[in-house]
Amino acid sequence: MAARTTAFRGRTEERHRLDDALRRARTGESGALVLRGEAGIGKTTLLEYLSDQATGCRVVQVTGVESELELPFAALHQLCLPMFDLIAALPDPQSHALRVVFGHVAGDAPDKFVVGLAVLGLLSEAATNQPVVCLVDDAQWLDDASVQVLGFVARRLAAESVLMVFAVREPAGEQLLAGIPVLAVPSLDHDEAVALLTAILPGQLDRRVRDRIVAETHGNPLALLELAQRGKAELMGGFAFPAIGAGNLHDHYVRRIRELPDPTRLLLLLAAAEPTGDATVLWRAAQSLGLGSAAAAPAEEAQLFEVGEQVRFSHPLIRSAAYSAGTPERRRAVNAALADALDAEAEPERRVWHLAAATTGPDDDVAAALYDAAECARARGGVAAAASFLQRAAALTADARQRTERTLEAAQAHLDAGRYDTALGLVAEAEAHAVDDLQRARADLVRGLTGRAAKSGSDAPVALVRAARRLESLDPSLARDTYLDAWGAALVAGSLAHPDGDLMLVSRAACSAPSSSSASPIDSLGPGLATLVTDGTAAAAPALRQAVTSFLDANVSLDVFLRRGVLVANAALSLWDFEAWDTASSRHVALAREAGALAPLANALNAHRVVVLWRGDVEHARDLGLEEQRVKEVTGTQRASYGDLFLLAYQGNAAQAAPLIATVAAEATARGEGLGLQIADRATALLNLGLGHYDLAFDAAVRAAEGNLGPFTAQALPDLVEAAVRSGAKDAAMRALDRLTAYAAVPESDWAAGLLARSRALISVGDAAERSYTEAVEHLGRTRLRFELARSRLLFGEWLRRERRRSDARIHLKAAFEEFVAMGADGFAERTRHELLATGEKVRKRTSDTLNDLTPQEGQIARMARDGRTNQEIGSELYISARTVEWHLRKVFGKLGISSRRELRDALPDREVARAT
C-alpha cells in the first residue's frame, strides 16, 4: 500500500527516539511512548517503521476502532490473543482474571490491578526468548477498560524487554494515557515537505504551485501523498490544484469512496462496521447482502483496503470515512448482516451491539438482550460498557416507566464510569419523561451525586438536600440515605459551600427528616453525624457509637461499606476512638482492594495513611502512599494526596511540603472543596510547629479551626492551643480550649482526655500545669497514638526545662526524641534535640545513611524481600513483574553494599527505623 511503498522522508528525531527505545528493549530494558499528532501526520507510518526495524522481536499490533469503544476489553483481547498460549505460566488468580474479562469463564468482576498484572506477566513471559514490541494505533478509539489496563501496564514496565508504543490522534484529551512519555509528531517542515513532494512527483514542478501545496497542506504527509495520487497530471502542468488540507482528509476520503461502484461502497461499509478485521465474518455477512469477492477489487486497486486472512484499511481515516459515507439505512443493513454472521454463544455482546445498531425504533427483545449484556459487561469489570448497553437498552424500550427506569440506571452507570456529562444528559432525559414523583426525585438524586463526583464542592449539597426533601414522602429510606450523601457533600464543600449547602443547614435538614423504626447502621449514622454538628459531641455520641459498632460488628454489605466507609471512619474520629477509627479505615481499604473498586480504594488509602501516621508507622504510611499512587495511575486521578501532605509535615520537610500545600489549596479551591483547604492549613500548622515557626503555625491553625467541620475542626484545635501559647496569644488559646472541651466530651476516650489535659497544661502554671502534663502522658500512653504521646512528652520536657528541672526534663525529652527519630518525624526530632542540648545533654545531629539512598519503591521491595517474600509474591502485591522486582533488588544490593537476600535482615534490621526517602 502507499504508506508502505513510499520512501521514508524526514522524521529524523522521531526515528532516533524510536530506535533508541528499541535498542533498550533489545538489551533487557522496557519502555513506553505515546506518539501524538493530527490525522495523517505520520504516526501510523512511524509505527510501521518501528515494526520493520524490530527484526528478531515479537511484534504485536492493535488498532483502536471507534465502533468498539463500548465493548469491554476488546483492544486488550486483540493484544493478548497471539500470546494466550502462555497463560498457563501465570499465577492462578491472574490467569483466571484474564479468562473472566475475555468471557472464557464465568466469575466475579476481577480487580483491574490483577488484570493489569496478568497482562504484564503475559508480556514478560512472551519476552523470555525475544523482545516484545507492542504497537497500538488509534489509541483514542480504545475501549475504556483496555485503556486503563494498557496504561497501567505501560507505566509499570521496567526490566521485561518489552516496548509499548501508542499512537493517539489529536485533538485527544491529555489524560488519555497520562504519565507515559510523549513524542509529539509535528508537521513536516518546509524542506522536508518539498523533498517528499519532489520524490512522489518526479520532474519539474512549478515552484509557486509547489509552495502553495506545502502551505495549504500544512506539511501533512498524507495530504501530500493524496495530492500526488489524485492530481499528478494537473499538478505537473501547473494549472490545477485538487486542494486537500490537513483538516479535511476525512472528507476527501469520503468523496473518494463515493466515487466507487455501489457494491464496493457497501463492502467497505461492512468492513468498517466489523471492528475485528475477521475476513471470515466479513465474507459471511457479505454473502447475506449479495456481495462477492469481485466487490473488493476496485477498493484494492485504489489502495484503500485489502482482504487476506485479515481485513486491513490502508489508513485508519479510511475506515472512518467508509462508515461516514454510508447512509443510515445501509448502516443498519450491514449491522444486521454482521449480527446474523456472528455466533450468539461465542460473541453475545458484539452480536447484540450490532443488533441494536440495526434497530430503528422500540424493540423490547433487543432492549432486554442489551440489558442482559450490560449485566455481563459489569460482571467482567466493564463499567463503561455496561453504561452504554443500558443507555441503548433504554432508548429501545417501549414502556415509558421502564424506559425511564433504565435511563436512570444508565445515568448512574455513566456516573460510576466517570462520564459525568453523559450522566447529566440522561438525568435530564429521565426527568423530562418521568411518570411519577419518585422517578423525578431519583433524577434529582443522580444529578446531585454526579455534580458531587464531577466537581465535589459548592453546589452538590444543595442539589442533594433538594432530592432528599422530595423523597421524604415517597421513599423515606432513600431520603435518609440521600441526606447522608448531602451531609458528606457539605462536609467536603466546607467553607466553599453554597450558602444553602452549609454543613449546619444540611445537618438541620437531616435532623428534621422522618426517623426510622429500624436499627440499621445507616439509620444511626446519618442522624448521629447531623446531631454532631447541630448539638455537639455529647448529644451525638449515642447514635454515633451505635452506628460505628453496627458497621464494624454487623454483616454490612460490600456496597454499603464501600460507599459509607469514609463516613464511618469520621464517626469513629468524632468519638475520639482511635481503635475504631483504625479498624473502620483499614477495613475500608481491605474491602475496596478485594472488590477492585479503585475509586473508593484511592479515597480509602488517602484517609488510612493519616491513621497510620498518627500511630507512628511511617514505613507503612509510605507503602500505602505507593499503592495510592498506583491506583491513581489506573484511574487517571490527578488529585493531590492529603496523606502526602501530612507525611511531609510530619517529617518537617518544608522544601517539599510548601509547594504541595499550595497545589492542594489551589486544587481544592477550583473544585469547591473547603475541606481540602482546611487540611492544607492543618498540615501547614503541623509542619511549622515541628520546625518551631510558631507565628506561621498560629496563622494556619486559626484558619484550620474556623467554622464547624465536625471531627476535622476538633483535630485542629489542639494545634491551635499550642501555636497560640507559643505565639503569646493566650486569649486565643483559651477560646480554642473551650471549643476543644465541647468537641472532646467523650468520657471514655483516653485520646480526648490526653489532648485536653495537654492543652490545659499549656495555659496553666505551677502544679496545675505539671498535673495536666502528667495526666496527658498517662492517657496517651494507654493508646497507640505514638505521635501524640511523643508531642506531649516534648511539651512536658520543654515546660520542665523552663522550670529549671533539667534532670526531669531530660527523661521526657529523650523519650520524645527517640520516638520522633524512630517515627521519622524529623522536624519534631530536631526541635526536641535543641531542647535536649539546652538541658546540657549531648545529642549528635542526625545524618542520612545509606538507607536514605533507596527510593520509596526500592525500600518497600527490600523490606518485603527481607521478610521472606518471593519475587513473584512481591510483584503480585506491587503490580510489577517478577523481572522488575529482581532488577530493583540488584539496585538495592548495590546501594546497601550486600550481595544476597540473606544480608537484607542485617542491612534493614528495624522496621521502624529503616526508612527509604
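**Reading a residue and a sheet**

Q: Which residues does histidine 888 touch, not counting residues up to four places away in sequence?

A: Contact means heavy atoms within 4.5 Å, and by that criterion histidine 888 touches Gln857, Glu858, Ile861 and Ile880. This is a predicted model, in which local features need pLDDT of at least 70 and side-chain atom pairs count only at pLDDT 80 or more, while totals for chains, interfaces and linings use all residues. Residues are numbered from 1 along each chain as its sequence is written, and side-chain values use heavy atoms, with hydrogens and water left out.

Q: Is histidine 888 buried or exposed?

A: Buried means under 20% relative accessible area, exposed over 50%, and partly exposed in between (1.4 Å probe, protein chains only); histidine 888 counts as buried because its relative accessibility is 7%.

Q: What joins the side chains of histidine 888 and glutamine 857?

A: A polar contact is a pair of N or O atoms within 3.5 Å, where, within protein, one must be able to donate a hydrogen and the other to accept it, and residues adjacent in sequence count only if both atoms are side-chain atoms. Here the two side chains are joined by such a contact of 3.1 Å.

Q: What is the order of the strands in the open sheet?

A: Strands of a sheet pair through backbone hydrogen bonds, either parallel or antiparallel. Strands (E, at least two residues) are DSSP runs numbered from the N terminus, and two of them pair if DSSP finds at least two bridges between them. In this open sheet of 5 strands the order is E2-E3-E4-E1-E5, with parallel pairing. Strand E2 (58-63) and strand E5 (182-184) stand at the edges, each with a single partner strand, so one side of each is left without a neighbour in the sheet.

Definitions and conventions
Helix = DSSP H or I, 4+ residues; strand = E, 2+ residues; numbered from the N terminus.
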